[in-house]
Amino acid sequence: MMQGKTILLGVTGGIAAYKAAALCSRLTQAGANVHVIMTEAATKFITPLTLQTLSRNAVHVDTFDERDPSVVSHIDLADHADFVVIAPATANAIAKLAGGFGDDMLSTTLLAATCPILIAPAMNVHMYEHPAVVRNMELLASRGVMFVEPGTGQLACGYVAKGRLAEPEDIVAAVEQWFGRGGLLKGKKLLVTAGGTIERLDPVRYLTNDSSGKMGFAIAEAASLMGAEVTLVAGRVSVKPPAGVRLIEAPSAAEMLEAVTALFPEADLTVKAAAVADYRPLAVSEHKMKKSGDKLILELERTTDILQTLGEMKQPHQLLVGFAAETENLEQYAMDKLWRKNCDLVAVNPVNRPGAGFNGDTNLLFIYDSNGLVEELPLLSKREAARRLLDIAVERLKDVGRDRA
Ligand code: PMT
């Protein structure tokens, strides 16, 4: 997919710059013609010679180091680029691009580039969550810049938190996705739900579940990389949502119902990966409940089934994808949900199998339509599972209106 494509790789000054070598090598091996631009700060972490050797092209650092008098380097590089990847992208590099600054080779080239831009941020977790950085990323996302989320793990500063540069293979997959699938969802509005819901018992206690939001977030990120305009409705989550999507927080089943039903009429494709509570406490205590006696019996009432409500609202041009967390009788339960909730596809995760379901970074998905099993995906990262599910949904989107009109 990248064969013969010219990719500009912007490397900025963070410790993760060393990973740019692996990324550069993988992009080159995938057939891309890679031109590297480094900031001065990046050269403190990795040498231009490393990236020159791996890319087999001269590396650019200084705007005024004009080697070919017949062109202006930063304009020439920008004009010939099919795609720009900035990895790692520091808070400073993100701020410069958001603010339109052009004070070095990378920032001036980016200002002149008209091709798609993918940013892979890497920084300390507090920097990543700083309101200025968040606002800059939102601004860039609103201009169509795409993001590959940093991973969670040991950071160079000693924290174990979010901020680690995404793995080179995930960045390459995102680039491949754009070349292979980019634009497939262009002009389409996607609504995704993620995370668990919380159902309050009193001001300090609630009922919830193990959903981290990772599966729904992976779908939102993948759809955004495919060109969709994504709205993400998130309940209680344990990881940061992806940049580049519109986020609406809806912690309880009732709030999620309200948000999702309001947004649904606009959506072309809706994917309901959230784990919504089936029951909530019948009464919510205004004050902290005091203990009394050896037993406490909670009285619960059914919540509204959001997916089923959407199934009833669904118009012929809309595609509705449900999820199901099951431990047995996968096909039987999947088909029951598909018919009862009027879904076009149901993705079942057998949550009792290793690596599948809640919390982890991988999932096992069995995808069903009204005729039965469509595809049984192997154990994959949630990112890859999301891409494969969306590939199937994209094919169906082409037909939905036609089938039911
Ligand atoms: O967030 P992660 O940690 O990454 O975990 C991902 C996941 C396991 C939560 C996800 O892959 C998943 O399976 N989500 C659906 C879990 C679930 O609630 O399944 P269910 O079988 O109870 O519900 C079936 C479908 O109905 C789901 O699409 C659910 O969103 C929807 N539902 C359920 C109840 C309700 N009141 N309203 C609903 O819309």
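This is a predicted model: local features need pLDDT of at least 70, side-chain atom pairs count only at pLDDT 80 or more; totals for chains, interfaces and linings use all residues.
Two strands pair if DSSP finds at least two bridges between them.

**Entry 1, β17 and its partners.** I began with strand β17, residues 345-350, and looked up which strands pair with it. On one count, β17 and strand β19 (residues 366-369) pair in the antiparallel sense, over three bridges. I picked out Val346 and found that its bridge partner in β19 is Tyr368. On another count, β16 and β17 pair in the parallel sense, this time over six bridges. Here I noted Glu326, whose bridge partner in β17 is Pro350.

I then checked which way the side chains go. Leu345, Ala347 and Asn349 point one way from β17, Val346, Val348 and Pro350 point the other way, and all are buried.

β16, helix α12 (residues 330-340) and β17 make a right-handed β-α-β unit. In the loop between β16 and α12 I stopped at Asn329. Asn329 is not a glycine, yet its phi is positive, about 45 degrees. With a relative accessible area of 37%, Asn329 is partly exposed.

I moved on to the ligand and counted its neighbours: 29 residues surround it, and the closest are Ser211, Ser212, Lys337, Asn349 and Asn359. By class, the shell holds twelve nonpolar, ten polar and seven charged residues. Which elements supply at least two residues of that shell? They are α9 (214-225), α11 (306-313) and β16 (319-326). The largest share, four residues, comes from β16.

I then went through backbone contacts. A backbone N or O atom of Ile306 lies 3.0 Å from a nitrogen atom of the ligand. For Leu307, a backbone N or O atom is 2.8 Å from an oxygen atom of the ligand. A polar backbone atom of Phe323 also sits 3.0 Å from a ligand oxygen atom. Taken alone the ligand exposes 770 Å², and the protein buries 96% of that.

**Entry 5, the five-stranded sheet.** I turned to another sheet and wrote down its strand order. Five strands form an open sheet in the order β2-β1-β3-β4-β5, with parallel pairing. Its edge strands are β2 (33-38) and β5 (146-147), each pairing on one side only. Strand β4 (residues 117-121) and β5 pair in the parallel sense over two bridges. Within that pairing, Leu118 stands opposite Met146 in β5.

While in strand β3 (residues 83-89), I looked at Pro88. A cis peptide bond joins Ala87 and Pro88, with omega about -5 degrees. Last, I checked Arg56, in the loop between α2 (48-55) and α3 (73-80). Its phi is near 60 degrees, a positive value in a residue other than glycine. Is Arg56 buried or exposed? At 66% relative accessibility, Arg56 counts as exposed, because the cut-off for that class is over 50%.

Conventions
Residues are numbered from 1 along each chain as its sequence is written. Side-chain values use heavy atoms; hydrogens and water are left out. A residue is near a molecule or strand if one of its heavy atoms lies within 4 Å of it. A polar contact is a pair of N or O atoms within 3.5 Å; within protein, one must be able to donate a hydrogen and the other to accept it, and residues adjacent in sequence count only if both atoms are side-chain atoms. Accessible areas come from the Shrake-Rupley method with a 1.4 Å probe; for residues, only the protein chains shown count as cover. Ala, Val, Leu, Ile, Met, Phe, Trp, Tyr, Cys and Pro count as nonpolar, Asp, Glu, Lys and Arg as charged, and the others, Gly among them, as polar. Buried means under 20% relative accessible area, exposed over 50%, partly exposed in between (1.4 Å probe, protein chains only). A crossover is right-handed if, with the strands pointing away from the viewer, the path from the first strand over the helix to the second runs clockwise.
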